Amino acid sequence: MTAPNEEIIYIYKDKVYLNITNKCPCACTFCIRSQKNAIGNASNLWLDHNPSFEEVKQAVDKFDFSGFDEAVFCGYGEPVNSFDVLVQTAKYLKEKTGIKLRVNTNGLGNLINKRDISKELCDCVDSVSISLNCSDKEKYFETVRPKFGIVSYDAMLDFAKKCKAHTNSVMLSVVDVIGEEEVAKCQQIADNLGIFLKVRKFSN
């Protein structure tokens with residue numbers, strides 16, 4: 001069965017997003033997908049299967065990217081769970097549209113793919129946004145609930161460092177629901193790494 005175009009590409013605010021997988025090694029307590037089936041103009045972001053590159057390419061070909069300055073790999077799953085499709089799609093989008101590309105990721109890509117994907121990822125997109133979420137590994141484990149266990153936090157920070165070595169356009173992000181004190185601690189972590197911290201507003 002082919003995934004409908006509107007499940008793969010959707011618009012949220014002024015950006016276009018690519019939903020290439022629903023697989024994710026985390027179960028964040030604040031994750032929007034636990035509250036609704038879609039955001040933006042999408043009717044349903046739950047895929048009945050992981051779309052192939054050909055399916056994503058078909059969706060890309062049907063979508064009008066004019067008027068958008070950025071396309072973001074971010075949907076109801078962790079995009080690097082379909083890393084080969086992500087890379088192929090990024091290269092195709094660049095050739096076809098020249099649009100700027102960003103990946104929103106939980107930063108566990110090296111654990112997911114069992115190898116260092118940081119350079120390959122940074123080479124095919126313009127920017128990488130990594131979810132920091134918490135200021136220490138215990139809070140992270142309780143909030144993000146990664147299947148890889150307590151080592152996930154350090155793996156995420158290591159991934160951020162590796163990405164920074166390959167691109168200047170890397171950022172860490174937190175959602176404001178964690179509170180001002182926790183945001184301040186996360187800011188210090190980001191400052192120590194020399195990486196910009198983006199504080200995102202929680203929306204439901």
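Reader: What do buried, exposed and partly exposed mean here?
Author: A residue is buried under 20% relative accessible area, exposed over 50%, and partly exposed in between, with a 1.4 Å probe and protein chains only. This is a predicted model, in which local features need pLDDT of at least 70, side-chain atom pairs count only at pLDDT 80 or more, and totals for chains, interfaces and linings use all residues. Residues are numbered from 1 along each chain as its sequence is written, and side-chain values use heavy atoms, with hydrogens and water left out.

Reader: Is Ile195 buried or exposed?
Author: Ile195 is buried, because its relative accessible area is 4%.

Reader: And where is Ile195 found?
Author: Ile195 lies in the loop between helix 8 (180–193) and strand 7 (196–200). Helices (H or I, at least four residues) and strands (E, at least two) are DSSP runs, numbered from the N terminus.

Reader: Which residues is Ile195 in contact with, leaving aside its neighbours within four places in sequence?
Author: With those neighbours set aside, Ile195 is in contact (heavy atoms within 4.5 Å) with Ala160, Lys164, Val170, Met171, Leu172 and Ala190. Val170 is 25 residues apart from Ile195 in sequence, and their C-alpha atoms are 6.8 Å apart in space.

Reader: Turning to helix 8, how many residues does it have, and how far does it reach?
Author: Helix 8 has 14 residues and reaches 20 Å from its first C-alpha to its last, close to the expected 20 Å at 1.5 Å a residue. The expected span is 1.5 Å times one less than the number of residues.

Reader: Which residues of helix 8 are buried?
Author: Glu182, Val183, Cys186, Ile189 and Ala190 are buried in helix 8. They cover an arc of only 115° around the axis, which puts them on the same side of helix 8. The arc is that of the directions from the helix axis to the C-beta atoms.

Reader: Why would residues three or four places apart point the same way?
Author: An α-helix has 3.6 residues a turn, so residues at that spacing point the same way.

Reader: What covers the buried residues of helix 8, and which residues are exposed on the other side?
Author: The cover includes helix 6 (137–144), helix 7 (152–166), strand 6 (170–175) and strand 7. On the other side of helix 8, Glu180, Glu181 and Asn192 are exposed. Gly194, which follows helix 8, has a positive phi near 70°.

Reader: In what sense do strand 6 and strand 7 pair?
Author: Strand 6 and strand 7 pair in the parallel sense over five bridges; two strands pair if DSSP finds at least two bridges between them. Leu197 in strand 7 is the bridge partner of Leu172. Strand 6, helix 8 and strand 7 make a right-handed β-α-β unit. A crossover is right-handed if, with the strands pointing away from the viewer, the path from the first strand over the helix to the second runs clockwise.

Reader: New topic: which way do the residues of strand 2 point?
Author: Lys15 and Tyr17 point one way from strand 2 (residues 15–18), Val16 and Leu18 point the other way, and all are buried.

Reader: What joins strand 1 to strand 2?
Author: Four bridges join strand 1 (residues 9–12) to strand 2, and the two run antiparallel. Val16 in strand 2 is the bridge partner of Ile11. Their hairpin has two residues between the strands, and Lys13 takes a positive phi near 60° there.

Reader: And how many bridges link strand 2 and strand 3?
Author: Strand 2 and strand 3 (residues 70–73) pair over three bridges in the parallel sense. Phe73 in strand 3 is the bridge partner of Leu18. Strand 2, helix 2 and strand 3 make a right-handed β-α-β unit.

Reader: Which residue of helix 2 can you describe?
Author: Glu54 is in helix 2 (residues 53–62), and Glu54 counts as exposed because its relative accessibility is 52%.

Reader: Finally, how many aromatic pairs are there?
Author: Rings of Phe, Tyr and Trp (its six-membered ring) pair if their centres lie within 6.5 Å; planes under 30 degrees apart count as stacked, over 60 as edge-to-face and the rest as tilted. By this rule there are seven aromatic pairs. Phe63 and Phe68 form a tilted pair, with 5.8 Å centre to centre and 40° between the planes. Phe63 is buried, because its relative accessible area is 16%. Ring pairs also link Tyr10, Tyr12 and Tyr17 into a cluster.
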